[in-house]
Amino acid sequence: MQEQVVIDEADVIVVGAGPGGSAAAYHMARHGLRVLLLEKTEFPREKVCGDGLTPRASRQLVRMGIDTSEKAGWIRNKGLRVIGGGVRLELDWPELASYPSYGLVRTRLDFDDMLARRAVEAGAVLRTRVNVTGPVLDADGRVVGVTAEDGPGKEPVAFTAPLVIAADGVSGRLPLALGLAKREDRPMGVAVRRYYHSPLRADDDYLESWLELKSPEAGDALLPGYGWLFGLGDGRVNVGLGVLNSSKAYGRTNYRKMLTDWLAGTPAEWGLRDEANADGNILGAALPMGFNRVPHYTRGVMLVGDSGGMVNPFNGEGIPYAMESGELAAEIAVQALARPAGPDRERALAAYPAELKLRYGGYYRLGGIFVKLIGRPEIMRIATKHGMPHPVLMRFVLKLLANLTDPRGGDAMDRVINAMTRVAPAV
């Protein structure tokens with residue numbers, strides 16, 4: 001049996017170098033903390049969801065000092081094209097003081113690598129092929145580090161630090177080891193996607209959302225869930241679908257077959273019916289929504305992004321909330337670690353879940369109601385039929401679903417949405 005090596009070289013350990021972990025590492029390192037960023041794979045590495053970004057994510061990239069210009073390889077989009085109820089509607093991203101008016105497209109293969117490198121440039125130490133297996137606890141049961149398997153030889157090692165940030169995604173192995181299981185009363189989704197070569201659809205100024213999916217094999221019967229399609233700018237498209245746990249089909253459907261059933265009804269010239277045009281397999285991922293794992297701080301561990309169930313229930317978007325929570329965790333960690341260990345530091349760390357609840361709690365509560373409603377096909381049909389023909393209403397819906405409002409001032413739509421989120425009981 002190999003002897004475990006103990007490494008004490010950081011103020012904070014971040015577990016997982018996805019968008020949330022890399023954002024947290026970047027912002028902490030920029031403020032002078034010694035940050036150890038642990039990633040179980042090597043970069044570049046593939047992820048399933050997140051190639052299409054709304055202005056909320058664009059804002060976080062700018063805050064990390066990342067060049068989001070087209071010269072730097074980004075594909076910009078103007079807004080969202082919504083298809084449903086026999087209507088095709090193009091909705092531009094709103095013009096706001098708080099967010100840029102453009103979204104972005106970049107594959108996760110490149111995107112995550114870029115964020116991790118940005119964290120390293122700020123001073124974080126990145127170690128890849130380190131598989132974290134559990135927490136290191138002190139005599140009082142507080143987490144003071146993590147155990148891990150390091151490298152291809154899986155050598156046992158322990159890393160110690162006064163604070164740990166769990167950004168280990170939907171699996172949440174570290175919070176699970178602390179007894180923090182997913183809450184079954186919160187929304188959950190599943191998404192599958194595939195890349196296809198489709199020169200006709202590869203260049204597009206809009207992300208595309210399909211509110212109705214039809215199966216030609218079943219006489220154009222409606223399939224559960226919603227779909228998306230957008231170009232990657234390199235001759236390929238990202239096409240996929242999502243199903244929420246409020247749907248009867250959740251957990252009972254072959255999602256991969258469902259995707260190909262829907263694509264069989266798309267125009268032949270798009271090339272999405274032809275298996276020869278597929279680039280890779282159909283991949284799937286879970287979408288943990290609405291704070292489905294809490295508390296977000298306990299015993300020396302802060303949960304960031306998917307690990308804390310921070311995906312937006314309205315639209316399945318996770319990257320901006322991972323990056324925002326990573327930045328917030330960093331701000332609070334910097335202040336907390338400037339205080340002596342003990343009650344004073346814990347008081348500072350307790351501000352993290354309180355601020356998350358203040359920022360997102362009411363909005364996620366509304367999102368939970370929305371998920372239950374659209375899980376009923378009859379309600380979705382009525383909403384699509386009567387809502388889609390009204391552009392003003394749909395612009396309001398876009399702001400609500402994408403969580404794009406100015407918190408102070410703004411237009412009448414902003415004020416209505418902000419008021420709704422304030423009065424809704426926080427989850």
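Student: Why is R81 called buried?

Tutor: This is a predicted model, so the value is computed from its atoms. The relative accessible area of R81 is 5%. Buried means under 20%, so R81 counts as buried.

Student: Where is R81 found, and which residues is it in contact with?

Tutor: R81 is in strand β6, residues 79–84. Beyond four places in sequence, its contacts are R88, L89, E90, R201, D204, Y206, L207, E208 and S209.

Student: Is F291 buried or exposed, and how do you know?

Tutor: Its relative accessible area is 3%. The cut-off for buried is under 20%, so F291 is buried.

Student: Why is R299 called partly exposed?

Tutor: R299 has a relative accessible area of 34%. Buried means under 20% and exposed means over 50%. The value of 34% falls in between, so R299 is partly exposed. R299 also has a positive phi, near 50 degrees, and is not a glycine. Its place is the loop between β21 and β22, the latter being residues 301–303.

Student: How do you know which peptide bonds are cis?

Tutor: Look at omega. From F43 to P44 omega is near -5 degrees, and the bond is cis. From V294 to P295 omega is near 0 degrees, and that bond is cis as well. Most peptide bonds are trans. P44 is in the loop between β3 (35–39) and β4 (52–53). P295 is in the loop between β20 (278–288) and β21 (297–298).

Student: What makes strand β13 covered on both faces?

Tutor: L163 and I165 are on one side of β13, V164 and A166 on the other. The four are all buried. In a regular strand the side chains alternate between the two faces of the sheet.

Student: Why are β2 and β13 said to pair?

Tutor: Pairing needs at least two bridges. Four bridges join β2, residues 12–15, to β13, so the two strands pair, and they run parallel.

Student: What makes the largest nonpolar core a core, and which residues have the most contacts inside it?

Tutor: Its members are buried nonpolar residues joined through side-chain atoms within 4.5 Å. This core has 61 residues. Those with the most contacts inside it are V14, M28, L61, I165, M302 and Y352. Helix α6, residues 319–337, gives the largest share, 11 residues. Another core lies apart, with 25 residues, including L80, V82, W228 and M394.

Student: Which residues does V14 touch?

Tutor: Beyond four places in sequence, V14 touches G21, A25, M28, V35, L36, L37, L38, I165 and A167.

Student: Which residues of helix α2 are buried, and what covers them?

Tutor: In α2, residues 55–63, the buried ones are P55, R56, A57, S58, Q60 and L61. Their cover includes β4, β8, α3, α6, α8 and α10. Just after α2, G65 takes a positive phi of about 75 degrees.

Conventions
Residues are numbered from 1 along each chain as its sequence is written. This is a predicted model: local features need pLDDT of at least 70, side-chain atom pairs count only at pLDDT 80 or more; totals for chains, interfaces and linings use all residues. Side-chain values use heavy atoms; hydrogens and water are left out. Buried means under 20% relative accessible area, exposed over 50%, partly exposed in between (1.4 Å probe, protein chains only). Contact means heavy atoms within 4.5 Å.
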